[in-house]
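Here is a friendly walk through a protein model, from its strands to its ligand. Please keep the view open as you read.

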Amino acid sequence: MNKDFPKVGPTVTMFVPYDCNNACPFCVNKKEYRDTSEFNLDRCYKALDLMNRVFPHNDIVLTGGEPLAELEALQDILDHIEPGHHIYINTTLPLGDRSVEEVAEILNRYEDRISCINVSRHLKHYVKECPDEIFDLLKFRHRINCVVFEDAKDPATKEKLIAFLDRFKGHEIQLRANYSYLTLENVFDTENDNLFKLISEICEYKYPLEHERFRTGFVFEREGSKITYHKTLPFAKVDGVVGDIIIRQTGKIFDDWNEYGHELNVNDLVELKYE
Ligand code: SF4
């Protein structure tokens, strides 16, 4: 299947209705998973179907929780999504009781559907990490996603970051600023951004990515690895323009992340401006 078609419409991000069983201290999604009584995969499917009618060629992001915590459910979701969407999966890549080879084989069944899998790995290990050899087994694009929570001015952070970049040499790496510190005022600023300065010290700066209303990014290179640095606001609706539509675990559709979002109704879908 050709994955090289233009994206049209806002990204639809679906929070899978099952948890990750981790407890990362920085998690902004965890509280959504405390009460699972209203979670409903069938309603999520109805929401996906509705979104597909309105935006048949947009990006769909599966996040959580942990999309790979229940591999059967994940396959069911992937089977349910109509062709014509770029599918991205945010995951910590848990194996459960399967081997690296088994999990890679299951994911590779969807190599024609998955545009990219974003795998969370941080400077400190917050979750049980599977062996890195899985990245060599995946037949589709993967990106190592690292939120740098550490103080960028601390020399220990520089050391840890270099070790991290060495560990994933040859893979695409996305470094991310701590979004809880980002505001509309500082999201595009690099002058006072210590993490930007640190990355510039240890990598070769290449070019900026396009400014969007709620995020920006910069491309670097280090020893053959493409490294991007992303700054993303913890919300995606700016000046009434919607960047991300969220399908919650209940199947209800919202116009922004977590506590920032409001439930969408059908008229909103006609009236809202999208990016
Ligand atoms: S694995 Fe992801 S969803 Fe789970 S606690 Fe950590 S950050 Fe949150």
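## Strands, core and ligand

Lysine 237 has valine 242 in β11 standing opposite it. This is a predicted model, in which local features need pLDDT of at least 70, side-chain atom pairs count only at pLDDT 80 or more, and totals for chains, interfaces and linings use all residues. Residues are numbered from 1 along each chain as its sequence is written.

Let us stay with that pair of strands. β10 and β11 (residues 241–242) pair in the antiparallel sense over two bridges; two strands pair if DSSP finds at least two bridges between them. Both belong to an open sheet of three strands, ordered β10-β11-β14 with mixed pairing. Its edge strands, β10 (237–238) and β14 (273–274), each pair on one side only. Helices (H or I, at least four residues) and strands (E, at least two) are DSSP runs, numbered from the N terminus. By that count the protein chain has seven helices and 14 strands.

Another open sheet holds 11 strands in the order β7-β8-β9-β6-β5-β4-β3-β2-β1-β12-β13, with mixed pairing. At its edges stand β7 (204–208) and β13 (253–254); each has a single partner strand, so one side of each is left without a neighbour in the sheet.

| Strands | Bridges and sense | One partner pair |
|---|---|---|
| β8 (residues 215–222) and β9 | eight bridges, antiparallel | glutamate 221 and lysine 226 |

Glutamate 223 lies 9.0 Å from aspartate 166, C-alpha to C-alpha, although the two are 57 residues apart in sequence. Aspartate 166 itself sits in helix α5 (residues 155–167). Is aspartate 166 buried or exposed? It counts as exposed, because it has 11 C-beta neighbours inside 10 Å. The cut-offs are 20 or more other C-beta atoms within 10 Å for buried, 12 or fewer for exposed, and partly exposed in between, with C-beta atoms placed from the backbone.

On that scale, 32% of the 275 residues of the protein chain count as buried. A nonpolar core is a set of buried Ala, Val, Leu, Ile, Met, Phe, Trp, Tyr and Cys residues joined through C-beta atoms within 7 Å. The largest one has 53 residues, of which Met14, Ile199 and Ile247 touch the most other members. Leaving out residues up to four places away in sequence, isoleucine 199 touches Leu175, Phe220 and Tyr229; contact means C-beta atoms, placed from the backbone, within 7 Å. Of the contacts in the protein chain with a separation of 6 or more, 72% join residues 24 or more positions apart.

Now to the ligand. Which residues surround the ligand? They are Cys20, Asn22, Ala23, Cys24, Cys27, Asn29, Lys30, Gly64, Gly65, Glu66, Thr92 and Val127, each with its C-beta atom, placed from the backbone, within 6 Å of the molecule. By class, this shell has five nonpolar, five polar and two charged residues. Here Ala, Val, Leu, Ile, Met, Phe, Trp, Tyr, Cys and Pro count as nonpolar, Asp, Glu, Lys and Arg as charged, and the others, Gly among them, as polar.

Finally, the C-alpha atoms of the protein chain fill a box of roughly 50 × 45 × 40 Å along the principal axes.

Key:
Contact = placed C-beta atoms within 7 Å.
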